Amino acid sequence: MVTEGGSSTAPFDLAGRRVWVAGHRGMVGSAVARRLTETGCQIQTVNHAELDLRDQAGVNDWMAFHRPEVVVLAAARVGGIQANATRPADFLYDNLAIQTNVIHAAYRLGVRKLLFLGSSCIYPGRAPQPMGEDALLTGPLEPTNEAYAIAKIAGLKMAAAYRRQYGCDFISAMPTNLYGPGDNFDLEASHVIPALMRKAYEAHASGGSLEVWGTGTPRREFLHVDDLADACVFLLAHYSADEPINVGTGEDIAIGELARMIAEIAGVEAGLSFRSDKPDGSPRKLLDVGRLTALGWRAKTPLRDGLAETYRWFETHYDSARLRVG
Ligand code: GDP
């Protein structure tokens, strides 16, 4: 339960609690589950074949049986700029259904704490940079990921509404662009880092150049998924308020520069080639992480180190990773 006004400072202890990581097979969920093993909690998971989170009755039954005390809602349909633009119905339906089912069941079953994960694309496409939490709903969304953003905004508003109406300790975190082991390396559906890694791997092998979509001038902020997982555990313990909280590094980089870094890590010698027929998306996406920093949390992984480690993971998982579709 939360205090009136929606915030409380007493740390929430995870030790010994049943913590359900919804979406534990995904990049985020698996990182959260790995990090949670250090907290002394009892981690609960369920495979997609056993439970489709879009099935409300199934979610109710599973949660009533397993009685999680804490829920990390990391299950979502995610994808890059192209997947969002071509499959808006899937992005809306899947995400709305998953979050509605899990949040409502968590309320009904008296879940003590729930963390809903959104994304920085909830903020308007032309929001002033860096984007503070108060930029929410101040302007039109970036059209290339509007469907996903609308669903995520509904999710964070739902978590806040259950706090206000029912006193549930449900919180929302908005991570910036993520990367790391277990990402989706499918070229049509993936985000920029896994896409560039896969193309760089193949360009290195063939002696070709690294193909970069758009102009290379948009700027993005990138957070290693293990840093996000660490932030999630931190927020479960220390954050309890209506407003979503941004999770990022506070630094951004131009896509062209990112591509050069990845080309160097992968040993691509033929340089970059830019595909001007592909969209740039937002010119810049950088989060204001002042609220999280003030609570005492900072990202630890330098981008270059995180990229090199993720590339090594991709190389060793090349055959399975490139076939995964999100
Ligand atoms: P966004 O942050 O929602 O725009 O999602 P993405 O990660 O898909 O794209 C980020 C930026 O990287 C955009 O400007 C893309 O045009 C650019 N980009 C460059 N090459 C690629 C690529 O191969 N795949 C993707 N998804 N984006 C790329």
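This is a predicted model: local features need pLDDT of at least 70, side-chain atom pairs count only at pLDDT 80 or more; totals for chains, interfaces and linings use all residues.
Local features need pLDDT of at least 70 and side-chain atom pairs count only at pLDDT 80 or more, while totals for chains, interfaces and linings use all residues. Residues are numbered from 1 along each chain as its sequence is written, and side-chain values use heavy atoms, leaving out hydrogens and water.

**Ligand surroundings**

- A ligand oxygen atom is 2.8 Å from an N or O atom in the side chain of arginine 220, a polar contact being a pair of N or O atoms within 3.5 Å.
- A polar backbone atom of proline 279 is 2.6 Å from an oxygen atom of the ligand.
- For lysine 285, an N or O atom in the side chain is 3.2 Å from a ligand oxygen atom.

**Helices α6 and α8**

- Helix α6 (residues 192–206) packs against helix α8 (residues 255–266) at an angle of about 40 degrees, with axes 9 Å apart; helices are DSSP runs (H or I, at least four residues) numbered from the N terminus, and axes are lines fitted to C-alpha atoms over the stretch in contact, with angles from 0 to 180 degrees between N-to-C directions.
- The two helices, α6 and α8, are therefore oblique to each other (angles under 35 degrees count as roughly parallel, over 145 as roughly antiparallel, 65 to 115 as roughly perpendicular and the rest as oblique).
- Val192, Ile193, Leu196, Met197, Ala200 and His204 of α6 meet Ile255, Leu258, Ala259, Ile262 and Ala266 of α8, where contact means heavy atoms within 4.5 Å.

Conventions: A polar contact is a pair of N or O atoms within 3.5 Å; within protein, one must be able to donate a hydrogen and the other to accept it, and residues adjacent in sequence count only if both atoms are side-chain atoms.
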